[in-house]
Amino acid sequence: MSDARPVNIGVLASHTGTNLQAIMDACKRGALPARVTVVISNNSQSGAIARAAAADIPTCHLSGKTHHWDGALDVAVAETLATHDVQIVVTAGYMKKVGPVTRKRFPVIINTHPALLPKHGGQGMYGMHVHRAVIEGGDSETGITVHYVTAEYDTGPTIAQLPIPVLAHDTPETLAARMLPLEHELLVTSISKVIDTAAPR
Ligand code: GRF
């Protein structure tokens with residue numbers, strides 16, 4: 001097999017950054033023929049920014065504070081991704097909607113969501129809000145969905161889904177803790193699948 005060059009991944013993240021860490025670790029151990037070339041966050045104090053900085057990966061804080069108009073933020077995100085030669089974008093716990101300029105310039109954008117979409121998706125449904133809705137809804141099953149990003153939150157074509165049973169005494173917290181490592185795994189295998197099916201490099 002030709003030693004094709006690694007695929008450049010740009011990650012958009014707002015929070016702890018454990019999904020970002022899973023991608024960086026997978027690249028490092030050779031599980032992904034890729035490298036993270038930039039991390040963009042709308043939260044300058046996010047764990048994602050700290051994790052990227054610790055790995056000497058370029059970071060950029062782009063948010064409503066740095067760009068008061070969503071259209072300008074969208075252009076800034078697209079420009080930053082382009083400057084770092086990004087080929088695939090991953091939104092991993094990213095709270096902003098990806099704008100039209102970015103989606104046009106980077107057609108391959110992958111998102112991870114901690115539920116079996118279309119259940120428990122859409123604006124405001126992220127992290128613990130999702131697990132709380134699952135428990136309060138009395139669902140016997142939840143899961144993880146990795147999908148392509150489109151104009152609306154959590155509505156793009158599914159790349160992979162993993163159903164996960166809700167246990168009798170689960171709380172949102174125990175559910176989140178059990179799901180997170182499985183989410184990391186599914187995200188990495190989904191990115192690998194997308195790279196394998198994308199145009200040969
Ligand atoms: C993950 O379940 C992600 O889907 C959600 O927040 C959780 C933690 O994400 N948005 P991370 O640790 O910031 O990657």
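Modeller: The account below starts with the ligand and then turns to the loop.

This is a predicted model, in which local features need pLDDT of at least 70, side-chain atom pairs count only at pLDDT 80 or more, and totals for chains, interfaces and linings use all residues. Residues are numbered from 1 along each chain as its sequence is written, and side-chain values use heavy atoms, with hydrogens and water left out.

The ligand sits in the largest pocket. A pocket is an open set of points on a 1 Å grid over the protein atoms alone, where a 1.4 Å probe fits, with protein on both sides within 12 Å along at least five of seven lines; a molecule sits in it if more than half of its atoms lie within 2 Å of its grid points. Helix H1 (18-28) and helix H6 (172-197) are the elements that give two or more residues to the shell around the ligand. Helices (H or I, at least four residues) and strands (E, at least two) are DSSP runs, numbered from the N terminus.

The residues around the ligand, including His15, Thr16, Gly17, Thr18, Leu180 and Glu183, have a heavy atom within 4 Å of it. Oxygen atoms of the ligand lie 2.6 Å from a polar side-chain atom of Glu183, 2.9 Å from a backbone N or O atom of Gly17 and 3.2 Å from a polar backbone atom of Thr16. The protein covers 90% of the 360 Å² of accessible area that the ligand has on its own (Shrake-Rupley method, 1.4 Å probe).

The loop between strand E2 (34-41) and helix H2 (47-54) holds Asn42, and Ser46 is in the loop between E2 and H2. Asn42 is buried, at a relative accessible area of 17%, and Ser46 is buried at 4%; buried means under 20% relative accessible area (1.4 Å probe, protein chains only).

The side chain of Asn42 makes a polar contact of 2.6 Å with the side chain of Ser14. A polar contact is a pair of N or O atoms within 3.5 Å; within protein, one must be able to donate a hydrogen and the other to accept it, and residues adjacent in sequence count only if both atoms are side-chain atoms. The side chain of Ser46 joins that of Ser41 in a polar contact of 3.1 Å and reaches the backbone nitrogen of Ile49 at 3.2 Å.

Leaving out residues up to four places away in sequence, Ser46 touches Ser14, His15 and Ser41, and Asn42 touches residues including Ser14, His61 and Tyr94; contact means heavy atoms within 4.5 Å.

Notes: Buried < 20%, exposed > 50% of the residue type's maximum accessible area, 1.4 Å probe, protein only. 1 Å grid on protein atoms, 1.4 Å probe; cavity = no way out; pocket = protein on both sides within 12 Å on 5 of 7 lines; lining within 4 Å.
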